[in-house]
Amino acid sequence: MLIFYLASLYVVVPLILSGIFDPAPGLFRTARETSSDAECRLLTGEQMRRRLSEENHEAFPRGEIMNEDLMECTGRVLPMAERRAPVESLLSGLSAQIPELVRTAKLRAPEKTLWRIEAFHDDPLVAEKVATAAKTSLSELRDSVFDQSPVLGVSAVAAFSGMKITEGLPILCREYASHLGQNEKLLALFQINPAETQLHAGLCTHTGDWQWLL
Amino acid sequence: MLGRNCALFALFLATTTLSACATVVYHPLGAIRQPLAIEFSENNFKDFSIRLICEVGPLLTSQNANMLCGNLSAHFEAQGARVFVGPVDSGEDAELDSPNTEAGEASVKISQDTFVGGRAPAKKTSDRNIHLTAELSAKRVRHEQHGWLGILFYYSLSLIPIVEEFTDEQRIIIRGKDGIVLKDETFQMRFIEYTGLGYMALNAAANFFFRSNAEQINEDSAGRQMTSDLRAQMSQLILNAGMRQQAILMESAQNAGRK
């Protein structure tokens, strides 16, 4: 009986304590499952109180004596391996990056500017997603955005394709200029290095002036 | 009476010995496991001069800071960067800015007393290279220990483990050559330490039957995985900061041209 009791202690207790619901790797979860299923972060003090009030969580009448910290885990919409890592890293950061770049662009342009958006990326689908995110962000700020960007001649595109993007964009801007109206600006979004996970932006005006947005 | 005391002492001795059976689990939180676009290559940081400053604090002793900076320095040098460790001194400053210095020529100087605090990076610049200063600091944001498990641990001869949790934060600030902050990122890591024979036995069984070699949890896996995650994220941050610096340089050059 004692042996049975000890044996069950060996098995049951650590299993329970390792936390069936704990998102950490352990007896129930491998490290790979942990990072592909959910993204967790620790909320402490003020962050936790803010989050609980957002969710209309009522404070305990005698205070939060036991619950001092909160682990917040968000399930991933797409599993980690669904998209290539460089694409995933860029797209997962879009919601944070695009509004910031759009705000910076708006600071450099007059109020009634009509916007055209052009995104550059090796993968046309990714470029389209980036451009759509920028168009949405501008629309949310009640700005007018053209759905399509100007179509350049074959010679301009061919010349551009042999250049570094940082050297080519100011030249390409001169080509775009003839397609832009007086109150139109082209917002270009691109990566300088394909191994980075951030976007850079530049503005092109109807006079062919290229401005870096930082 | 004597026999009972002896038994209790033996129990205490046995349990104390078993308390060495600790299994540490590493749980990466938030951004430290975000996907990366950078791949390890000798040319990733070909034109980069990087200064690493590991700040000594309650969590990072000077020995740990030395180890961390030394480890990162070797990692970046293997990718083609010129790396300096510690705050700026005038001799290194000149070397850092010399356009003729080949990558890899620079010596890595590690000194325990140079890690305290951080100063503004080099003022003199050469436009050919990307000059970055990375400041690393760490702090413990959470430590939780379930005291009642300690009692059960002793009475169960360590079948019931003691569970202790730590959550640490690693802050990385990367500055450009004029001291402008290009990146400021904080990574969180959680460590759960299970002490006791019960958990150790189950973990050993799980390692043997279910986990691949890369996923095994053993005595040094937590530290190894955390270091690997941190190095990978640092590489990505350095590259992103470098490209941002390049954009700033191009804008400055354009503005200078207009004037």
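**A walk through chains B and A**

In chain B, take the contacts between residues at least 6 apart in sequence: 80% of them join residues at least 24 apart. Two residues are in contact if their C-beta atoms, placed from the backbone, lie within 7 Å. This is a predicted model: local features need pLDDT of at least 70, side-chain atom pairs count only at pLDDT 80 or more, and totals for chains, interfaces and linings use all residues. Residues are numbered from 1 along each chain as its sequence is written, while chains are lettered from A and ligands numbered from 1 in the order in which they are written.

Chain B has 6 helices and 6 strands. Helices (H or I, at least four residues) and strands (E, at least two) are DSSP runs, numbered from the N terminus. Along the sequence the pattern reads α-β-β-α-β-α-β-α-β-β-α-α. Of the 259 residues of chain B, 39% are buried. Buried means that 20 or more other C-beta atoms lie within 10 Å of the residue's own; 12 or fewer makes it exposed, and in between it is partly exposed, with C-beta atoms placed from the backbone.

Now the sheet of chain B. It is open, has 6 strands in the order 1-6-5-4-2-3, and its pairing is mixed. Strand 1 (22–29) and strand 3 (82–85) of chain B stand at the edges. Each has a single partner strand, so one side of each is left without a neighbour in the sheet. From one strand to the next, the twist averages 25°. Strand 2 (residues 48–54) and strand 4 (residues 130–145) of chain B pair in the parallel sense over 7 bridges. Two strands pair if DSSP finds at least two bridges between them. Here B:F48 stands opposite B:I130 of strand 4.

Next, the side of chain B that faces its partner. 40 residues of chain B are in contact with 38 residues of chain A. The elements of chain B that give two or more residues to this side are strand 1, strand 4, strand 5 (162–175), strand 6 (181–195), helix 5 (197–209) and helix 6 (221–258). Helix 6 of chain B supplies the largest share, 10 residues. By class, this side of chain B has 23 nonpolar, 11 polar and 6 charged residues. Ala, Val, Leu, Ile, Met, Phe, Trp, Tyr, Cys and Pro count as nonpolar, Asp, Glu, Lys and Arg as charged, and the others, Gly among them, as polar.

Turn to chain A. It has 8 helices and 7 strands. Of its 214 residues, 29% are buried. Strand 6 (residues 200–205) of chain A is mostly covered, with 5 of its 6 residues buried. Strand 5 (residues 184–190) of chain A pairs with strand 6 of chain A in the antiparallel sense over 6 bridges. There, A:K185 has A:T205 as its bridge partner. Strand 6 of chain A also pairs with strand 7 (residues 210–213) of chain A, antiparallel, over 4 bridges. A:G202 stands opposite A:W212 in strand 7 of chain A. Strands 6 and 7 of chain A form a hairpin with 4 residues between them. In the turn, A:G208 has a positive phi of about 90°.

Last, a helix pair in chain A. The axes of helix 5 (residues 94–107) and helix 6 (residues 124–140) of chain A come within 9 Å and cross at roughly 55°. The contact is made by A:L94, A:I98, A:P99 and A:V102 of helix 5 and A:V130, A:A133, A:A134, A:S137 and A:L138 of helix 6 of chain A. Axes are lines fitted to C-alpha atoms, for helices over the stretch in contact, and angles run from 0 to 180 degrees between N-to-C directions.
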